[in-house]
Amino acid sequence: MIRRMLVANRGEIARRIFRTCRALGVETVAVYAETSDLHAREADVAVAVDCFRNAEQIVAAAHRAGADAIHPGYGFLSENAEFARAVEAAGLIWIGPAPDAIEAMGDKIRAKKLVSAAGVPVLDGDDTFPLLIKAAAGGGGRGMRVVTDPGTLRSELAAASAEAQSAFGDGTVFTEPYLPRARHVEVQVLGDQHGRVWVVGDRDCSVQRRHQKVVEEAPAPGLPDAVRAELHRHALAAAEAVDYRGAGTVEFLVDGDRIFFLEMNTRLQVEHPVTEAVTGLDLVAWQVAIAEGRPLPAEPPPSRGHAVEVRLYAEDPAAGFAPQTGTLRAFDFDTPGIRVDTGVEAGSVVGVRYDAMLSKIIAYGPDRGSAVRLLADALRRGELHGITTNLALLRAILADDDFVAGRVDTALLDRRLAAWTSAGEDHAVRKAALAAAAGSAVRTATSGSVQARIPVAWRNVPSQERVRSYRWGGSSYDVAYSSRGGRLESSWLPGVRIESVDGGHVVLDDHGVRETYRVTVVDGGVDVDGPAGSFDLHDVPKFVDPAANLAAGSLPASMPGLVVALHVAEGDQVVAGAPIVVLEAMKMQQTLTAPADGVVATIAVEVGKQVAAGEVLAVIESEESR
């Protein structure tokens, strides 16, 4: 029996594993690289490490803390066969599949050959475009590129290889045909040490950005019974081909009635909560039971109902999903019937060192419509302030007609992104801006002894309205208002009037419908929580700082990150689109290119430098300006 377990991970997955450990009576050990790590406070004991990928340090930490087992979570060392062998060689229990199975499925090129020999269909061919470049040693969208133009294949291969090397320590990549309208469907498997393998249902993970999952659900909606049965049969064949034990996931592309093997993840999957919701299983508890040698029952429990999960990322969808950093001023999605697996809380600082995922939010219902409705309501009621996230995008996805109808594929997000991120023009945001202006005006008028004697929105020219300007989602809002008889009024939003402002609460009347907004003035803007959700409205300064005007040809950082490569030197001649600098943040790399033909006049950074968003990295002088 396992007595004390070290979880070789951090954030939400470490906390989720600790939750099961407490239910089982297993003591917990955390490893941490930063003293502020939330998961380290929840464990019984914690040990500092330099890096979550340092296998030697983690094994040593387990011995130091008296642990007798190690759970890898997902990511980091979870699919590293040598780490699994090191754990077992140290006399510790490895909570995961056999190292040989990890090794066999960890190399995607080898895995395709292995499952093909077991009768599982695979994608073949590398001479027909579009092509998909993939990392051989890992997943999660890292090291992946879609190539539609043969002329860019060489550069895309190099970029994918560099990203794979950074993420997985192995730059090997391969190509396969890209099916842009296929669905991404995966099958959960669970195997014991006695030769029994369960197929525990399926999940749809088609809604993706940058080949990383955004929305997952179980079971996969709208699959014909015959296709579902084939998926389960192929998943079982893949698992049995490597004598699989523990929890694993076999991933497929489904194109009509055609099925193709993608990969097998030899670990607990990020989206495992939706399977737990529909089966009633605790997959982590079963991982522990299997590691302790207990057998699976003859059959898995049946699936009932439907579950949907969304991933909340610290990123800006309107800016190419650029990673975002900062401090969370508010974070609360505590809603009845909702499961939240999170690695953050109000006050957490989000940096660029780790993955951009903050939390997973999961809803279960007796059917798909009920689950989607419950989750959409939870996202609307949730409070989140301080960091730009994909929350508004998630709300838009759950409200999309095709998604609601279950018509999903891996290109859905790309096709809808422009519409889904145009919420800056939404009437709801304008009402939030009006509430922000009204709340701010009253707060300003009552914040000091002198101002308190001056009427709200007072002007020495009564006919001229006051204006407060805010920015949200790439759009600006100039909210005009005035005071009439001691009451705030605004004609800025036709049909909407300010009914009252009291103690941080603003009541608006929208064509006879009262709506209450909670308004919190913060440094640089206003946090608004209302019927349509949370909004961070940023003040637009009345006067532009001259230093903010960039010189012509400047190449600013599109996101906070680490400079990992420089492709040019000062004095080099470049053409528009030529790679200049490569940034890395939250395990993703982005190549910044020359804005025009010209000469590299200035290189302002060096490899290894941490830069802020907007910081000038280089200056390209055009031929005309020289």
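This is a predicted model: local features need pLDDT of at least 70, side-chain atom pairs count only at pLDDT 80 or more; totals for chains, interfaces and linings use all residues.
Laid along its principal axes, the C-alpha trace of the protein spans about 85 × 60 × 55 Å.

What is it built from? The protein has 15 helices and 38 strands. Looking at contacts between residues at least 6 apart in sequence, 62% of them join residues at least 24 apart.

Of the 626 residues, 52% count as buried.

| Residue | Relative accessible area | Class |
|---|---|---|
| Cysteine 21 | 0% | buried |
| Cysteine 205 | 0% | buried |
| Glycine 524 | 36% | partly exposed |

Why do these cysteines count as buried? The cut-off for buried is under 20% relative accessible area, and cysteine 21 has 0%. Cysteine 205 is also at 0%, so it counts as buried. Since cysteines have come up, a word on bonding: a disulfide is a covalent bond between the sulfur atoms of two cysteines. A search of the whole structure finds 0 disulfides.

Next, take a look at helix H9, which covers residues 272-279. Is it enclosed or open? In H9, 7 of the 8 residues are buried, so the helix is largely enclosed by the rest of the structure. Those buried residues are His272, Pro273, Val274, Thr275, Glu276, Val278 and Thr279. Just after H9 comes glycine 280, which takes a positive phi of about 80 degrees.

Finally, back to glycine 524 from the table. Where does glycine 524 lie? You'll find it in the loop between strand E28 (513-522) and strand E29 (525-530). With a relative accessible area of 36%, glycine 524 is partly exposed. Which residues does glycine 524 touch, leaving aside those up to four places away in sequence? They are Leu537, His538 and Asp539. There is also valine 540 to look at: glycine 524 and valine 540 are 16 residues apart in sequence, and their C-alpha atoms are 8.5 Å apart in space.

Technical notes. Residues are numbered from 1 along each chain as its sequence is written. Side-chain values use heavy atoms; hydrogens and water are left out. Helices (H or I, at least four residues) and strands (E, at least two) are DSSP runs, numbered from the N terminus. Buried means under 20% relative accessible area, exposed over 50%, partly exposed in between (1.4 Å probe, protein chains only). Contact means heavy atoms within 4.5 Å. A disulfide is a pair of cysteine sulfur atoms within 2.5 Å.
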